[in-house]
Structure formats: C-alpha cells, structure tokens
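My notes follow in the order in which I looked things up.

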Amino acid sequence: MKPKHQRLALLGLGVLVLGAAAALVLTAFEDNLVFFHSPTELATKEVSPQQRLRIGGLVQDGSLVKSGSDVRFVVTDGAHSINVAYRGLLPDLFREGQGIVAEGTFQNGTFTAREVLAKHDENYMPPEVVDALKKSGEWQRSGGK
Amino acid sequence: MRRLVYVLPLVLVALLGVAFYFQLGTDTQKLPSALIDKPLPIFNLPPIEGDGVVLANSDLAGKVALINVWASWCPPCRIEHPVLMGIAASGVAIYGVNYKDKPDDAKRFLTQLGNPFIAVGADRDGKLAIDLGVYGYPETFIVDANGIIRYRHAGPINKVDWEQTLLPIVKKLQAR
Amino acid sequence: MIAEFGHFALTLALAVAFVQATLPLLGAHRRDTGLMALAPAGAMLQFALVALAFGALMHAYIVSDFSLANVAQNSHTAKPMLYKVAGTWGNHEGSMLLWALILSLYGAAVAAFGGNLTETLKVRVLSIQGMIGCGILAFILFTSNPFARLDPAPFDGQSLNPLLQDPGLAFHPPLLYLGYVGLSTSFSFAVAALIEGKVDAVWARWVRPWTLAAWGFLTAGITLGSWWAYYELGWGGWWFWDPVENASFMPWLAATALLHSAIVAEKRDALKAWTIFLAIVAFALSLLGTFLVRSGVLTSVHAFASDPTRGVYILLFLVVTVGAAFALFAWRGPALAGTGRFEPVSREGALLINNFVLTVAAASILLGTLYPLFLDILNAGKVSVGAPYFQRVFIPMMIPMLLIMAIAPMLTWRRADAGAAIVSLKWAGLVAAIVGFGIWLFINRASALAAFGIAIAAWLFAATMWELYTRARTWRGLLRQPRVSWGMTMAHAGLAIAIAGMTASTAWKVEDIRVMAPGETTEIAGYQFTLSNVSDVRGPNYAALRATFNVRRNGQAYTTLYPEKRIYDVGRQPTTEAAIRPTIWGDLYAVIGDADGNGSYVTRIYFNPLVGWMWTGALIMVLGAGMSLSDRRYRQVATADDTVEAHA
C-alpha cells in the first residue's frame with residue numbers, strides 16, 4: 001500500500017472505533033442513568049413506574065418492620081416521607097435515623113428498592129441526602145411560615 | 001491543524017480543572033449554614049421526659065453558648081461526649097438538643113457518660129433540627145449573647161477542633 | 001520526641017526535593033557535572049529522610065502514642081499488632097506519607113539502577129521526580145501533618161473502621177500505591193524526553209521496565225482490592241464500578257496501552273508522541289484517583305473523610321503537574337514524528353488498534369465516572385451512572401480487543417499476512433468453538449452471551465499457547481525463550497483465565513436469600529446447606545454471632561462453613577464476615593444476617609462459579625510482569641550513539 005492509503009486505512013479504522021464507542025456510550029447512557037429524587041420531589045413530581053431512580057433521606061425512627069427477609073421502612077427528608085419495601089439483607093450500617101440511598105422503582109406510593117446503600121463510615125451522610133434534607137429545610141422555612 | 005491535536009490534551013485538562021474547582025466549591029461539609037449570622041429560630045423544648053418547657057430562646061439570652069444536637073443512637077455522639085464534658089468543665093455553657101430519642105435511652109446515655117449540659121430539651125419531632133438545617137448528628141452551634149448563630153460545626157467535635165477552631169470563636173464572642 | 005524527629009526529617013526531605021528538582025536541571029542544561037551529581041544524591045537522601053519520617057509515624061502507631069492526633073483518631077490499644085502497623089497508612093495523613101515514601105523509593109531506584117541511562121536523561125528524570133516530591137511533601141506538611149500533637153493526650157484511641165481491620169485491606173494500599181506512584185517514573189521519563197526533544201528506541205527500552213513494574217503492582221493492588229470486596233462486603237460481588245474502583249482501573253488501562261506502545265516505539269521508531277501522551281495520561285489518571293478519593297467530589301463507598309482545602313491543593317497539584325506536561329507536549333510533541341512506516345496489517349498495526357481501543361475504553365469509563373459531576377455543575381439534576389452503563393460500554397469494546405490480542409503475536413513486524421496468521425491459529429479457533437458450543441449445549445442454553453465470553457477466553461488462551469509452541473517447538477526451545485517472551489505469554493494467558501472467571505461468576509452465579517431456623521436445609525447448585533446452629537462467640541476485640549452450616553453433597557458431608565456477624569467493641573459497628581469454601585469450579589459462600597426474633601435468621605448463600613480463576617489469572621499476569629522485568633535486556637548499557645543529542 002502507498003503511504004497515503006495506509007494513513008487513510010488507519011484513520012478510517014480509528015474513526016470506526018471512535019464511532020462505535022460513541023454509539024455504545026450514548027445508548028448506554030440513555031438506559032442507565034439513574035436520577036436522584038428527594039422524598040419531597042417524589043411527592044410533588046410524577047415519575048413513570050418503570051423508571052429506575054434513587055431516593056435518599058433519613059430512615060424514620062421506629063418505622064423499620066421486618067418479616068423474614070422482607071423489610072419495610074420509611075425514608076424522610078423532614079418534609080415528606082416515602083414507604084420503602086425491600087427484600088434481602090440490609091447493609092451493616094443501616095440504622096434508624098441514619099441517612100441512606102435506595103435504588104429502585106416508585107409505584108402507587110411505595111418505593112420498591114432493589115438496592116439499599118449505606119456508606120462504610122460511621123459519620124456518613126451521602127451528599128445527595130444532605131442536599132435533599134437541606135432543600136426540604138429551606139422549603140419548610142419559606143413555605144411553612 | 002496537526003499542531004492543534006497536540007494542544008488538545010492541555011485544553012481538556014484545563015477544562016476539567018475548572019469543572020472540578022467549581023464542584024469543590026459546593027462541597028457540603030464546610031458549607032456554612034444558611035443561618036450563620038441569623039437569629040436562632042424560635043423554640044421551646046420540653047424535657048427529655050414529661051411535659052413543660054425546659055429550654056427556650058430566653059434561656060440563652062445574654063451569654064455566649066454552645067447548642068449541641070445529639071441522640072443516644074448516634075455513635076459519633078458517644079465519641080464526642082468526653083470532649084463536651086471537658087468543655088463544660090472549662091466553664092463554657094452548653095445546651096443540649098436531644099434529637100428524636102427514646103427518653104430511657106437518652107437518660108441512660110447521660111447517666112453513664114455524664115451530663116455536660118446546663119439544660120437538655122427534647123426535639124421529639126425533629127422540628128428544631130430542621131429549622132436549624134441540621135443534616136447529621138451530632139452538630140454544634142455557637143450562639144452569641146444576642147441569640148445570633150455565629151458558627152456551626154457538623155460532626156463530632158474532637159479536641160483539636162475545639163482548641164483550634166471553636167474555642168477561639170467563643171473567646172472572641174465573649175470579649176465583645 | 002521521635003515524632004518531632006519524623007516531622008523534622010520530613011521538612012528536610014522537602015528541602016532536599018526542592019534542590020533535587022532545580023539545580024540538576026540547570027546542570028543538565030549547562031553540562032555542569034557537579035550540579036548534575038546532586039540529582040542521584042538528592043534522590044537517595046530524600047528516600048532516606050522520608051523513610052525516617054515514615055518509620056517515626058509507624059513507631060507511634062506501634063507503641064500507641066496517643067499524644068499524636070493522627071494516632072489517637074485512627075488507632076486503639078485493643079487492636080491487634082498487625083493492624084496497628086497497617087494503621088500507619090489506614091488514614092489520610094499516613095497514606096499520603098506512604099505515597100511520598102513510594103515516590104522517593106522509585107526516585108532512589110532510578111538513581112541506583114539507572115546506571116545504563118544517558119547522564120542527562122537520568123538527571124532530568126530525577127529532577128522531575130523531585131518536583132513531584134516537592135508537591136506531595138508540601139501537601140503533607142502544610143495540609144495533612146501526621147505529626148500534629150494533642151495536648152493533653154487522650155487515654156485511648158478512637159479506633160480504625162473495623163471494615164478496614166482486615167489483612168486484605170492492610171496490604172491493599174501499599175500495593176496500589178506502588179502501582180499508582182510507579183507511573184510517576186514513566187511520567188518523569190516522558191517529560192524528560194520532551195525536555196531533551198528526543199524519543200528513540202533506547203528511551204523506549206528504558207521506560208518499559210519502570211512501566212512494567214508499576215503495571216505489575218497496579219494489577220496486584222486492584223486484584224487484592226477486588227478480592228477484599230468479594231469476601232468482606234458479603235454480597236459475593238467483586239467489582240462494583242464504584243468511582244474509586246474506576247479510579248484505579250483507568251490508570252491500569254492506560255499503563256497497559258503504554259506498555260504496548262513502548263514496544264512499537266522501540267522496535268519500529270513509531271508512535272513516539274503517542275507513547276509520551278500515554279505516559280502522561282497514565283500518571284494523570286492515577287493522580288485523578290487520589291484527587292477523587294480525597295476531595296469528596298464524587299460519592300463512593302471508599303472515600304476518606306473529605307476536606308475541601310486538601311481537595312483544592314490536590315486539584316492544583318494535579319492541574320499544574322499534568323498541565324505543565326501537556327503544555328510541553330503541545331510545544332515539543334509535533335517534532336517527535338517517527339521514521340517507521342506503518343502498514344495497517346502488521347504487528348505494530350494490531351498493537352496500535354488495541355492501544356486505541358484501550359484508550360477509548362479508559363475514556364468512556366472516565367466519562368461515566370465524571371458525568372454525574374458535570375450534570376451537577378450544570379444543575380441538570382443529580383444522577384448516578386450505575387454498573388449497567390460500564391458493562392454495556394466496556395464489555396463490547398473488549399471483544400474485538402481480545403480477538404486481535406490473540407492474533408497480534410503471530411503477526412510479523414512491518415508487514416504481515418493476516419490470512420496466514422489466522423489460518424495458523426485454526427486449532428485455537430477450533431478449541432474456542434468447541435468450548436463455547438459445548439457450554440451452550442450442555443450447561444446453559446439460555447446464556448449464549450456467557451458461552452461466547454468463555455469461548456473468547458478459550459480462544460485467547462489456546463492462541464497464546466499455540467504462539468508459544470510455534471516459537472519454541474521443542475522442550476529445549478521452551479527453555480531458550482527469552483524471559484520477556486515468557487512474560488508476554490504469562491500475561492496473556494493469565495488474562496484469558498481471569499476472563500473465564502469473570503464471565504462465569506457473573507453469568508452463572510446462584511444466589512439464595514431466605515429465613516432459616518436452626519436445623520433447616522436449603523439446596524443450592526447441588527450442595528445441601530444445613531444451618532445447624534447459631535452461637536455467640538468472642539474475638540480479641542469484637543463479639544460475634546457465628547452460624548454453623550453443614551454442607552453436604554450427594555448425601556455426603558462435604559464441608560462446614562462458619563459465617564459471622566461481628567460487632568467491634570469500639571465504635572459498635574457491625575461487620576459481615578462471609579464464610580467461603582473455594583473449589584476449582586466455584587466458591588461456596590455463606591453469610592449470616594439478623595435474627596428475626598422468632599429464633600430464625602436471614603441467610604444468604606451463593607455459589608460463585610470460577611471466581612478463583614480470576615485471582616489465579618491475575619496472579620499469573622503479575623508473575624508475568626515479574627518475569628519480563630528479570631530479563632537481561634533491560635540491564636544492557638546504552639550504546640554510544642544514544643548520547644548524541646538532537647535538540648528540537
């Protein structure tokens with residue numbers, strides 16, 4: 001092959017790889033971005049029951065009910081609360097009053113969690129939860145009085 | 001044209017650097033509370049057990065004081081407690097806000113580890129904590145003689161925090 | 001007193017690093033041998049001083065000197081000795097000191113073993129190492145002093161996170177840092193080459209062993225971290241695409257690409273600017289990892305307590321270091337055009353394609369990791385990019401790469417006959433087809449994709465073995481193979497084995513979560529698990545709930561598993577200790593959960609097929625790196641014509 005053709009062939013191959021990668025990234029983003037909602041946002045917004053999403057807040061004290069491996073609890077940001085249903089073992093650091101993040105779907109007022117996350121740090125508060133709680137605090141200060 | 005390709009990485013690094021810098025700026029840990037330099041919210045809290053009012057805005061009037069939001073179920077509060085005992089022993093006024101706790105647990109906590117608080121009010125529904133914008137436990141506020149919040153410390157106070165950060169603020173406020 | 005001594009040594013080290021970073025560089029420019037001689041001496045001295053400081057901190061941990069704030073916050077008298085020692089680097093300040101220690105260790109190693117380098121290159125490499133040392137030492141001294149005192153000293157420490165009290169995690173950071181920081185050497189070589197304006201075969205041969213060492217440690221570190229997550233987190237998973245995991249994986253991908261492009265630069269005098277670019281990118285990505293973990297900009301299960309001032313400093317360090325290198329690259333890079341002509345079908349062509357795929361894969365992981373950050377900055381909502389994104393993007397990219405990777409060693413340099421190479425691999429293709437089809441037919445027809453994954457692993461393994469056979473032919477020939485070739489064969493075969501493990505453990509994992517009362521039995525993957533009893537036991541510094549599972553297979557007693565749920569005395573934090581019985585074909589994995597109050601317990605039991613293959617494969621890859629490193633050719637002395645310098 002002539003040098004010019006070689007360059008073209010290599011360039012073409014490069015463009016092909018890049019194009020394929022871009023297509024992969026875009027389709028994967030489309031399906032796999034999980035948006036974060038606070039309990040207040042969930043209470044005021046419509047979400048599709050198929051949409052995977054994350055919620056975060058504090059686990060309300062005294063709300064944890066276990067029956068076998070089925071768990072129910074309430075996540076609150078102080079302004080609104082959501083009922084959460086989960087099947088499986090909760091993380092070691094799950095406690096009432098602690099901040100958690102759960103991933104799953106929301107339908108008929110119940111959040112069905114596929115995954116419950118708590119961080120491996122005793123002082124942990126996930127940043128999303130902090131934000132959600134702050135927002136609800138603001139909301140209450142301005143809206144409540 | 002060919003040279004441009006070689007400049008591209010530099011441009012990307014610069015852009016990423018700027019993006020990271022802005023994200024750092026919004027870091028939640030050190031972000032001062034929206035209430036800094038604003039008056040304390042109005043509150044009147046009942047005791048840990050029973051009715052009545054043991055802690056209200058008027059109790060704090062005229063002196064520099066710490067308000068510590070704690071709960072017996074919070075492990076960092078346990079770690080922080082000996083430091084609070086030390087602070088109380090040094091003569092600085094600390095008031096406790098007991099957040100969403102079971103009365104028996106809260107009382108046991110104070111009997112076992114000691115009570116550094118001049119008074120403890122129970123924030124049973126967590127309303128004061130929300131008004132204060134508390135997002136983690138424990139959290140401590142420094143309030144001046146006029147009932148204005150001057151500083152907020154999120155998380156447990158350790159000796160270094162106290163000596164290097166909080167105590168100088170308290171001293172400065174007392175000197176005014 | 002010892003702590004003050006350590007602090008003093010650290011301050012001296014900063015001064016030494018400053019001298020090492022400046023004067024020798026001037027010396028190299030002016031050909032002043034006196035100034036140039038400061039570089040190796042400085043590198044040795046800096047290492048000695050940082051090692052003293054590190055020793056002082058470790059001493060404080062061993063004797064539990066709680067008058068040091070760092071020790072008081074991160075240690076406890078009740079901790080076993082191993083974890084007191086490991087506690088030295090199990091916290092922010094100590095881990096940064098470890099970083100500095102390893103950096104100066106590499107500097108000293110270049111000074112000691114770089115005798116075959118041209119003098120100016122060696123001096124410039126050491127100067128760049130000195131600059132990085134200045135940055136990190138100043139960071140430690142000004143924002144994260146591990147020797148700060150507490151007065152009065154507390155009676156006892158505040159412990160280490162019990163999850164971190166684990167042998168796997170104790171040695172994970174040192175290995176990972178040996179990898180991360182090792183890439184600083186490749187970086188320094190790249191920057192020194194840009195300053196000299198010269199990249200040639202000899203340079204490429206020098207940069208390779210340092211990259212190889214870093215790559216080997218990085219592979220070992222990532223594997224150990226993954227293994228830790230597997231047995232400690234109690235979910236039977238081994239990779240979560242967590243930002244911090246990605247932060248270690250991206251430099252690995254870049255270093256892998258760098259290893260291969262350096263070969264092309266050496267053999268064909270081509271891809272020179274690209275090799276320099278990769279060397280900078282690999283170190284930039286490992287600095288980014290440090291930044292992400294410590295600044296709290298991204299949420300992660302592994303994050304240390306975040307501190308914005310430190311974050312700003314590390315960010316500044318990152319931008320200045322990488323920015324300066326890329327500025328130099330923008331200036332000098334265009335002059336680095338190679339002489340080698342490039343046929344698309346040739347060994348260098350195949351290496352280039354795979355280099356490109358690896359880089360694009362690293363870029364797409366970077367995009368996924370940082371995307372939430374970008375959206376947050378634009379106020380477009382809080383999102384998380386989960387594991388499915390990374391799987392969907394990364395795995396398809398790896399398929400063509402693995403196919404080519406098997407063929408590339410069969411291709412000749414300059415111009416190859418791809419058809420002939422593929423035909424010569426017909427046996428490997430046959431093996432792959434039989435394995436893949438056999439699995440699809442006899443094990444699980446439902447997951448054609450998994451069968452395909454195993455087939456690809458078989459293809460790579462068989463092709464690698466066939467390539468070794470065509471090179472050696474006889475047993476004697478096998479012994480005569482140079483060690484670098486053995487290294488390549490081991491690394492490729494190890495990857496094939498690891499991929500088989502990854503595919504199988506992802507596709508055919510069996511999970512059983514249920515509530516069991518003592519005496520109950522459940523069957524999983526042909527094994528009968530009986531929960532025979534649950535009892536309370538005491539450990540050295542924890543209390544635990546211990547379950548006894550009697551496992552039977554085909555009616556015969558097979559093994560007994562003892563999973564625990566521990567509560568550490570300090571901190572009262574519960575942790576899950578999974579019980580694992582490894583076998584060649586898969587791990588039996590049991591976890592005990594909470595009591596339900598009626599005498600029953602939540603249990604989780606897994607069968608994880610071929611998990612052990614991953615660790616074995618990774619180990620073979622690491623050994624392959626060691627094998628390559630021990631080759632004589634890396635110790636050859638530079639030839640005379642290399643010392644002639646061509647200024648750009």
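I began with A:Lys66, which I found in strand β3 (residues 65–67) of chain A; helices (H or I, at least four residues) and strands (E, at least two) are DSSP runs, numbered from the N terminus. This is a predicted model, in which local features need pLDDT of at least 70, side-chain atom pairs count only at pLDDT 80 or more, and totals for chains, interfaces and linings use all residues. Residues are numbered from 1 along each chain as its sequence is written, with chains lettered from A and ligands numbered from 1 in the order in which they are written.

Is A:Lys66 exposed, partly exposed or buried? I noted it as partly exposed, because A:Lys66 has 17 C-beta neighbours inside 10 Å. The cut-offs are 20 or more other C-beta atoms within 10 Å for buried, 12 or fewer for exposed, and partly exposed in between, with C-beta atoms placed from the backbone. Not counting residues up to four places away in sequence, A:Lys66 touches A:Val71 and C:Asp596; a contact needs C-beta atoms, placed from the backbone, within 7 Å. I also took the C-alpha to C-alpha distance from A:Lys66 to A:Thr27: 39 Å, at 39 residues apart in sequence.

Next, strand pairing in chain A, where two strands pair if DSSP finds at least two bridges between them. Strand β1 (residues 33–37) of chain A is joined by 3 bridges to strand β1 (residues 383–385) of chain C, and the two run antiparallel. There, A:Phe35 has C:Val383 as its bridge partner. β1(A) is also joined by 3 bridges to strand β2 (residues 53–59) of chain A, this time running parallel. A:His37 has its bridge partner in A:Ile55 of β2(A).

Then I turned to chain B, with 6 helices and 7 strands. Its mean pLDDT (the predictor's confidence in each residue, from 0 to 100) is 82, and 88% of its residues reach 70 or more. Over residues 26–32 of chain B the pLDDT is below 50, and this stretch has 11 contacts in the model beyond near neighbours in sequence. Buried residues are 36% of the 176 in chain B.

What is the strand order of the open sheet in chain B? I read β5-β4-β3-β6-β7, 5 strands with mixed pairing. β5 (119–123) and β7 (149–154) of chain B are the edge strands, each pairing on one side only. Neighbouring strands are turned by 20° against each other on average, direction ignored. Axes here are lines fitted to C-alpha atoms, for helices over the stretch in contact, and angles run from 0 to 180 degrees between N-to-C directions. Helix α6 (residues 159–175) of chain B packs on the sheet, touching β6 and β7 of chain B, and its direction makes about 170° with that of β7(B). Between β3(B) and strand β6 (residues 139–143) of chain B I counted 5 bridges, antiparallel. B:Asn68 stands opposite B:Thr140 in β6(B).

Last, the cores: sets of buried Ala, Val, Leu, Ile, Met, Phe, Trp, Tyr and Cys residues joined through C-beta atoms within 7 Å. The largest has 214 residues, and C:Ile276 is among those touching the most other members. Helix α9 (residues 201–232) of chain C gives the largest share of this core, 18 residues. A second, separate core of 41 residues includes A:Val74 and C:Ile605.

Conventions. Two residues are in contact if their C-beta atoms, placed from the backbone, lie within 7 Å.
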